[in-house]
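The sequence and structure are shown below.

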Amino acid sequence: MAEAQSNNDLQGALLHFAVQELVRHQREEFPPLWTRESWAKFLIWLALQCGAGVQQQELEAFAHALGPVLTGRLRRLFFERELSDLDLKVMADPAEAQVLVMPLGPARPLAKADVRAALEQVQLTELVVVDPGSWQQLDALVAIPWRAAPEA
C-alpha cells in the first residue's frame, strides 16, 4: 500500500512539474503579454495540443474539464515571474487591481530601484504606474496600480 501511494505521489509530482514547465516555456509566445487576450490564446493553444477541437463548444468542454483548481494554478503560473537575479517575484494578473512585487527569499523591504528593474525586465513599465509615489509599500510587498484597469 505504501509503495502504491509513493508511486502515485511521484506521478503527481511529475505531472505538476511538467505542467509548470509547460506554462513557463510557452507563456511568452502569446502577445500581447499581461493581458486577458494572451491568457485566452494560451488556453486555446493548450486545448488544441490536448486534442480538443476548434469549435467553441469543444473549447468550452476543455475549459470545463480543467476545472477551477487547475485553471487557477495555470493562470497564476502564467501571470507570475520569478526573477532570480533580482531575488523578486512579480505577480501581474490583469484580473487583479494591482501588480504585486515581493521578495523570493525572506521578507524584506524592497528598494524602489529593484522594483523598477523588475518591472522593466518583465516588460510591464508601459502597463503600470511607474511613479513610486503611487505604489503601496507593505511589509515585504509593493503593490503597483495598472495604468488603466485591464480586462480580466
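## Overall fold

Which pattern does the protein follow when read along the sequence? In this predicted model, the order of elements is α-α-α-β-β-β-α-β-β, made up of four helices and five strands.

The C-alpha atoms fill a box of roughly 50 × 45 × 20 Å along the principal axes. Among contacts between residues at least 6 apart in sequence, 47% join residues at least 24 apart.

## Burial and the nonpolar core

The protein has 152 residues, of which 34% count as buried. In soluble globular proteins, nonpolar side chains tend to be buried together.

The largest nonpolar core contains 34 residues, and the members touching the most others are Val-90, Val-99, Leu-124 and Ile-144. At least two residues of this core come from each of helices H2 (36–49), H3 (56–78) and H4 (112–121), and likewise from each of strands E2 (88–91), E3 (98–103) and E5 (142–145).

Beyond its neighbours within four places in sequence, Val-99 contacts Val-90, Met-91, Ala-92, Leu-119, Leu-124, Val-128, Val-142, Ala-143, Ile-144 and Trp-146.

## Surface

A nonpolar patch on the surface is formed by Ile-44, Leu-48 and Val-54, which together have about 260 Å² of accessible area. Val-54 lies in the loop between H2 and H3. Is Val-54 buried or exposed? Val-54 counts as exposed because its relative accessible area is 60%, and the cut-off for exposed is over 50%.

Conventions:
Residues numbered from 1 in each chain as written. Predicted model: local features only at pLDDT ≥ 70, side-chain atom pairs only at ≥ 80, totals over all residues. Heavy atoms only, no water. Core = buried A, V, L, I, M, F, W, Y, C linked by side-chain atoms within 4.5 Å. Buried < 20%, exposed > 50% of the residue type's maximum accessible area, 1.4 Å probe, protein only. Contact = heavy atoms within 4.5 Å. Patch = residues over 30% accessible without salt bridge, like charges linked within 9 Å, V, L, I, M, F, W, Y side chains within 5 Å. Areas by Shrake-Rupley, 256 points an atom, 1.4 Å probe, with all protein chains shown as cover. Salt bridge = Lys/Arg side-chain N within 4 Å of Asp/Glu carboxyl O.
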